[in-house]
Amino acid sequence: MNTGKPITPERLMQFAWGYAPTLIIEAAVHHGVFDQLNRQPQTLEQLVAKLGVANRGLKAILDALVGLQLLAREGATYRLTPESATYLVAGSSDYRGAFFRHHTEQLLPQWMQLKEVVRTGQPVKRTDQDTHGEQYFSEFVESLFPGSLPAATMLGKHLGIPAAQTPVRVLDLGAGSGVWGIALAKQSPQVRITAVDWPGVLEVAKKMAMRHGVAERMTVVAGDLFVVDFGYNHQVVTLGHILHSEGPDRGRQLLKKAAEALAPGGTLAIQEFLPNDERTGPPLPLMFAVNMLLNTEAGGTYTFAEITGWLLAAGLEQPRQLPVPGPSPLILANKPVK
């Protein structure tokens, strides 16, 4: 479509350098730049002395971070911006720094082999099976906790968890960091969590539950989601970013098993990256489908219409979207009351 605007290479050149901010931020996180500047604004020379890095190397990334508006410079002194102070200082309640290491150390090596994967259709590494997946996920799921917490908190409020007067059983499938169950448990002492994941990943969930003061209300079930017993009569079942690893066939099976574990009237909550029904956008869900090509046998991203069909086939009703903070809404469905 001709918009009348001149065609320039600017957008393509931005894509070409798209990897650079991720690597610059991760290098700064790795060397403690943001943590050190959180103590006080400092000059290049002060930072070099405290961090034990090369003057030339540090100056390059400091200036780049100023250009990215993640640092500010006044004269010779660098300081944090509100954005970096909130998200890139270790110990912050909304810390996102570790997420960049996940990209540089775990994702980018696979992405570098994309040309060959497109040719063969075979993933670089199967992170959807316990041979690789348990260690892979245990190394980074904690970094995902802050990103999912706002959505999980909103889910609890939407379901009326803070006002619960009777026990609420929450089944957190593929628990990862445990954020879905933990967020609900923090809203009411009535909540009891059953967290299901591989053993190594559950160690992270238990640590996070301890940190948030709900460990005594979390029971863990270690094993493969398609093998372990989920139990029955859970009021809430959560699947936070799980379906994209499984592919359509296993996704349908998992939803059927999750539906069977729900109590009548209970709610299944799904978080996924949702492309629109035409698969023309948004960009993130479509790019994440390529990530699944690189890392799983059959995984991808699915539209609301596709997931709705799977939910209805599993015997659930009222599939709907709940707007929450984050790149995609939650998908909710209920088990009929018979």
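Helices α7 (97–111), α10 (141–158) and α12 (199–211) each put at least two residues into the lining of the second largest pocket; helices here are DSSP runs of H or I with at least four residues, strands are E runs of at least two, and both are numbered from the N terminus. The model is a predicted one, so local features need pLDDT of at least 70 and side-chain atom pairs count only at pLDDT 80 or more, while totals for chains, interfaces and linings use all residues. Residues are numbered from 1 along each chain as its sequence is written, and side-chain values use heavy atoms, with hydrogens and water left out.

As for the lining itself, α10 gives the largest share, five residues. There are 14 lining residues in total, with Ser92, Tyr95, Pro146, Met208 and Arg211 nearest the centre of the pocket. (A pocket is an open set of points on a 1 Å grid over the protein atoms alone, where a 1.4 Å probe fits, with protein on both sides within 12 Å along at least five of seven lines; lining residues have an atom within 4 Å of a point.)

Then there is strand β4 (residues 168–173), which is largely enclosed by the rest of the structure because five of its six residues are buried, meaning under 20% relative accessible area with a 1.4 Å probe, protein chains only. β4 pairs in the parallel sense with strand β5 (residues 191–197) over six bridges, pairing being called when DSSP finds at least two bridges between two strands. Asp172 has Ala195 in β5 as its bridge partner. β4 also runs parallel to strand β7 (residues 234–240), paired over four bridges, and there Val170 is partnered with Val236.

Key. Buried < 20%, exposed > 50% of the residue type's maximum accessible area, 1.4 Å probe, protein only.
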